[in-house]
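This briefing covers aromatic pairs and helix packing. Please keep the sequence and the model in view.

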Amino acid sequence: MTILVILRIILTIVAFNHKDLLGIKDLSKEEILSILDTAKSFKEISKRPIKKVPSLRGRTIINLFFEPSTRTRTSFEIAAKRLSADAINISASTSSVSKGETLLDTARNLEAMCPDVIVMRHSSSGAPHQLARICKTSIVNAGDGAHEHPTQALLDALTILDHKKAIEGLEIAIIGDITHSRVARSNLHLLAKLGANLRISGPPTLLPPAFERLAEGYSGSVMVTPSIEKALRNADVVMMLRVQLERQASAYFPSLKEYSYFYGLNKKRLELAKSDVIVMHPGPVNRGIEIASDIVDGNYSLILDQVTNGVAVRMAVLYLITGGSSANAQKEVLER
Ligand code: CP
């Protein structure tokens, strides 16, 4: 029996022993690999003519979104439906939050209707953690302020693994508005835990000095540099981040034109990376600002693959958090 086969067997018996998924920081390397393994099993369902298995029949998933979303909200809804769960979407603007109801009262009232999982996005860091403390229902963080976006990092890792043999040892550049990025934080925890070497880059005003310390104790490394060229040189993976103007109360750089000039990814800059580099972006993309349009649509880009993998990762998270195991996920797919 090869080491890979043994590792796979160990992963399939690792139970996901958490009530909630609030951040990647709370997960062990084995738990991360177990979610990714489950997502790999579920990927195939989305390629079938009838994209549905009964794994979560009778379960209720509430998507509670206090911030706009296209990819995360839609893919959580699709994920729930592909597993035969009932999915309900609630936007803050059309809920009683707009009449002054508090977040905690909203959660208590939703919980009174006995859902199995509440998936929540909120502009405040720590909002899902507050819900998790007062609710018996499982809470999944779909992005909280500038803190964490765990399912985004998981789908990013799945996309990287589709194209590279392993994450350990990869040179990964994460470039852009790091200060406001929950994607950067979740990816730092995930990729450094799995042994990648990260180069974190952006304008000095958007580059938190404490970022290197976040990876203390992980097997990978983190280098923070304001030089985009240094970050890109010989990179295996380039992850560009959106300039989050909605979270910037003050001016962090003189103009978008200058941001693009100094920190935008274009063809010439991408030549610094390895010839088999892959380019990623969590979306939504500001074309022509953090990334040139021809790179978004070009051969190196995996941006839409990331979106596709988002469904499988969210299926895996919903399945595991409601008591499924990675081993059973493979059976669910094979037997249906
Ligand atoms: N990547 C991401 O979170 O996109 P949405 O804001 O559209 O969900």
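F42 and Y319 are both buried (buried is under 20% relative accessible area, exposed over 50%, partly exposed in between, with a 1.4 Å probe and protein chains only). This is a predicted model, in which local features need pLDDT of at least 70, side-chain atom pairs count only at pLDDT 80 or more, and totals for chains, interfaces and linings use all residues. Residues are numbered from 1 along each chain as its sequence is written, and side-chain values use heavy atoms, with hydrogens and water left out.

**Aromatic pairs**

- The structure holds 3 aromatic pairs (rings of Phe, Tyr and Trp, the last by its six-membered ring, with centres within 6.5 Å; planes under 30 degrees apart are stacked, over 60 edge-to-face, the rest tilted).
- Helices (H or I, at least four residues) are DSSP runs, numbered from the N terminus.
- Y261 and F262 have ring centres 5.0 Å apart and planes at 90°, so this pair is edge-to-face.
- Y261 counts as exposed because its relative accessibility is 60%.
- F262, at 45% relative accessibility, counts as partly exposed.

**Helix α6 against helix α12**

- Helix α6 (residues 150-163) packs on helix α12 (residues 303-321) at about 120°, with the axes 8 Å apart (axes are lines fitted to C-alpha atoms over the stretch in contact; angles run from 0 to 180 degrees between N-to-C directions).
- The two helices are therefore oblique to each other (under 35 degrees is roughly parallel, over 145 roughly antiparallel, 65 to 115 roughly perpendicular, the rest oblique).
- α6 passes α12 in a right-handed crossing (the near helix is turned clockwise from the far one by less than a right angle).
- The contact (heavy atoms within 4.5 Å) includes L154, L155 and L158 of α6 and A312, V313 and V317 of α12.
- By class, this contact has 6 nonpolar, 7 polar and 4 charged residues (Ala, Val, Leu, Ile, Met, Phe, Trp, Tyr, Cys and Pro are nonpolar; Asp, Glu, Lys and Arg charged; the others, Gly among them, polar).

**Helix α4 against helix α5**

- The axes of helix α4 (residues 103-111) and helix α5 (residues 127-134) come within 10 Å and cross at roughly 45°.
- That makes α4 oblique to α5.
- The crossing of α4 past α5 is right-handed.
- From α4, L103, L104, A107, R108 and E111 meet A127, Q130, L131 and I134 of α5.
- This contact divides into 6 nonpolar, 1 polar and 2 charged residues.
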